Amino acid sequence: MTQPPARPPLPSDDKRWKLVNATMRRNGYAGHALIETLHSVQDAFGYLDETSLRFVAASLDLPVSKVFGVATFYHIFMLKPKGRHTCVVCTGTACYIKGAGGLIEGLQEHYGIDPGETTGDDRLSLLTARCVGACGLAPAVVVDGEVLGKQATDTLVATLEELS
Amino acid sequence: MHLEDLAEQAAQYRNEDAHIEREVRVCVAASCQSSGSLPVLEALKSACDTQGAGSCKVKGVGCMGLCSAGPLVAVADKDCALNESVLYRDVTPDDAPDIMASVCSTPVERLRCPTDQPFFSRQQRIVLEHSGLIDPDSLRGYIAVGGYAALVRALTEMTPADVLREVTTSGLRGRGGGGYPTGLKWSTIAKMPPGQKYVVCNADEGDPGAFMDRAVLESDPHRVLEGMAIAAYAVGASKGYVYVRAEYPLAVERLETAIRKAKRAGFLGAKVADTQFAFEVEIRLGAGAFVCGEETALMASIEGLRGQPRPRPPYPAESGLWGCPTLINNVETFANIAPIIREGGDWFAAIGTEGSKGTKVFALAGKIKNTGLIEVPMGTSLRDIIEVIGGGIPDGRAFKAVQTGGPSGGCIPEAHLDIPVDYDSLKTLGTIMGSGGLIVMDETSCMVDVARFFMEFCMSESCGKCIPCRAGTWQMHALLDTLTKGRGTRADLALLEDLCDVVRATSLCGLGQTAPNPVLSTLRYFRDEYEAKLLGDA
């Protein structure tokens, strides 16, 4: 009988690690639960840092290279912390046809950041998504998880400025 | 559980609601939610309480289709279909008292959205038959309209071979875009030796411009689970996965609720409907990779790996998840199964065209008056869909092209709009049905720019495993970029065309094989726009 590998200790006493551990336990610490686990790390901490990637690798008994490979392959996983607010501009075809490009340019100009970047005061991250499936409301933007349809640069900036 | 028991249960649920005469239905699918339907639902509920309409029920329902007019509210006699209801558009919470007051009297004219317009009257709803009528979170609501009867019937009165026969007879083809005959696919897996087999529902709707699967999952999740369970019974599988995009949180939430409730009621789990058949379903979240719509990449992702495809054969039917025979179908395909079992394969086969049976759900988006979801019989002409059902192009502009099939498809010009839409006719035009996204472009769109947009998409979504796709799409994008900026030469255009052939012929998976399609189709129909952007031949 082979012993199951010893589980590594939690990286810190931050309670959020327990959520991550719960996800892995629910999936029997199986390697194929890697993506679920990374989702749960990102839900808890907002992004994936080296500590969490190493911890997940050790817990699921996977090489760090593989965990890193999966984390960087998928668009949703972020290796950098996001700002307090996020603005995801949908760049799907319908949104493109209806002016998503203009929205991004407007935001770039107003905040001085490119997609994928965060403002200097950590207030806002500008991101893009391939398609959020709200094509009937194009161009669509997701601000802090809430989908806003039929956006124009000035109304969108006004909305973002109202966030605390 | 016998069919009679289920029918009795359904009758009982309907009886409990017998005192309700009128329903006020508020769309709570993602699109209307983003237009603010939840506050409308709350306002209507409290108006219902204060205005004391005892025989009236306010409820949240799935997608009613006309997303551009949301939030949508329908007032109807119980059990009445969408096109028999009084439909209100662009409703705000402030309208709630007026709507409640109108339930038993004259409709509120200022909010009305006519339901006798072609957008509603020309549709034939099979996949979406419950969408906009039932509460997606309510298992009772689903059972009351006859839900799970097809599953119980299959389990208690049919052999797996009977189920396979009905599905084969129906002529249903895979709705994810490939159009592979569903009955044939199921039979192949059923023939594999007994043992661990899997059923996978592909809900990784990555095609930009497509939101059919999202709407089905958000509006009628039990329908998809029922289809999966019937498939599992037919092919001999005991475990299923629904691979959903993480970008669709509401769909995931509704699906989770549906799985939990179906399990508790015995429609999933160890002894489904008190028979020996066992079927467990788990959700797997995608993480944003278009290539995961490709079945071998999707399976890799379920296994926790990078979503990279592998060469086929072996096909998943033979060696899929963890090497076991695996049935992969799209959401819409599974959503077609229950009615096929209920009404029979011949009924389904009588709808649609010779080579493409049944209906298809399309997502209308782009420069079109009525954006949203429609379901029409296969064979409806593109002109009908765009000009009649979709209401044509807004702002008095002229139609230029319609793009079908997402980044794997192509653009169709005005001259071919009269073609009946089915899998085979679209192929003759150099495009594909795809999952059913239709994006309409007007005269303001530059087709070279559109081609560059799609190539940019394919380039950044290429998984990088094979060279033709990884380097080819990059090179093609660079050429298109030069062309759109008016710096390209005739030699660049020739090189682009050559590259299209190479990438199409030598890429490993569908992503690369179809990446040149938007370029080829725009070259085919809008070559003059490319030529106009060329530098002199000097």
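This is a predicted model: local features need pLDDT of at least 70, side-chain atom pairs count only at pLDDT 80 or more; totals for chains, interfaces and linings use all residues.
Next I looked up where B:Thr522 sits, and found it in helix H23 of chain B, which covers residues 517-525. Is B:Thr522 buried or exposed? Its relative accessibility is 0%, so I noted it as buried, the cut-off being under 20%. I then checked its side chain for a polar partner. A polar atom there lies 3.0 Å from the backbone oxygen of B:Val519.

B:Val519 turned up again when I moved on to the packing of H23(B) against helix H21 of chain B (residues 490-506). The two axes come within 10 Å and cross at roughly 135°. I therefore wrote the pair down as oblique to each other, and the crossing as left-handed. Which residues of H21(B) meet H23(B)? On the H21(B) side I have B:Leu493, B:Leu496, B:Glu497, B:Cys500 and B:Arg504. Their partners in H23(B) are B:Asn517, B:Val519, B:Leu520 and B:Leu523. Sorted by type, the residues of this contact come out as 6 nonpolar, 1 polar and 2 charged.

Then I turned to the backbone. Most peptide bonds are trans, and most residues other than glycine have a negative phi. I went looking for exceptions of both kinds.

**Cis bonds**

In chain A, the bond from A:Ala138 to A:Pro139 is cis, with omega near -10°. I placed A:Pro139 in the loop that joins strand E2 (124-129) to strand E3 (141-143). In chain B, the step from B:Pro313 to B:Pro314 is also cis, and omega is near 0° there. B:Pro314 belongs to the loop between helix H13 (295-302) and strand E8 (326-330).

**Positive phi**

I found A:Asp122 with phi near 60°, a positive value in a residue that is not glycine. It lies in the loop between helix H6 (100-111) and E2 of chain A. Its relative accessibility is 47%, so I logged A:Asp122 as partly exposed.

B:Tyr148 has a positive phi too, at about 65°, and is likewise not a glycine. I traced B:Tyr148 to the loop between helix H6 (139-144) and helix H7 (149-157) of chain B. How accessible is B:Tyr148? I read 1% relative accessibility, so B:Tyr148 goes down as buried.

How values were computed. Residues are numbered from 1 along each chain as its sequence is written. Chains are lettered from A and ligands numbered from 1 in the order in which they are written. Side-chain values use heavy atoms; hydrogens and water are left out. Helices (H or I, at least four residues) and strands (E, at least two) are DSSP runs, numbered from the N terminus. Buried means under 20% relative accessible area, exposed over 50%, partly exposed in between (1.4 Å probe, protein chains only). A polar contact is a pair of N or O atoms within 3.5 Å; within protein, one must be able to donate a hydrogen and the other to accept it, and residues adjacent in sequence count only if both atoms are side-chain atoms. Axes are lines fitted to C-alpha atoms, for helices over the stretch in contact, and angles run from 0 to 180 degrees between N-to-C directions. Angles under 35 degrees count as roughly parallel, over 145 as roughly antiparallel, 65 to 115 as roughly perpendicular and the rest as oblique. A crossing is left-handed if the near helix is turned anticlockwise from the far one by less than a right angle, and right-handed if clockwise. Contact means heavy atoms within 4.5 Å. Ala, Val, Leu, Ile, Met, Phe, Trp, Tyr, Cys and Pro count as nonpolar, Asp, Glu, Lys and Arg as charged, and the others, Gly among them, as polar.
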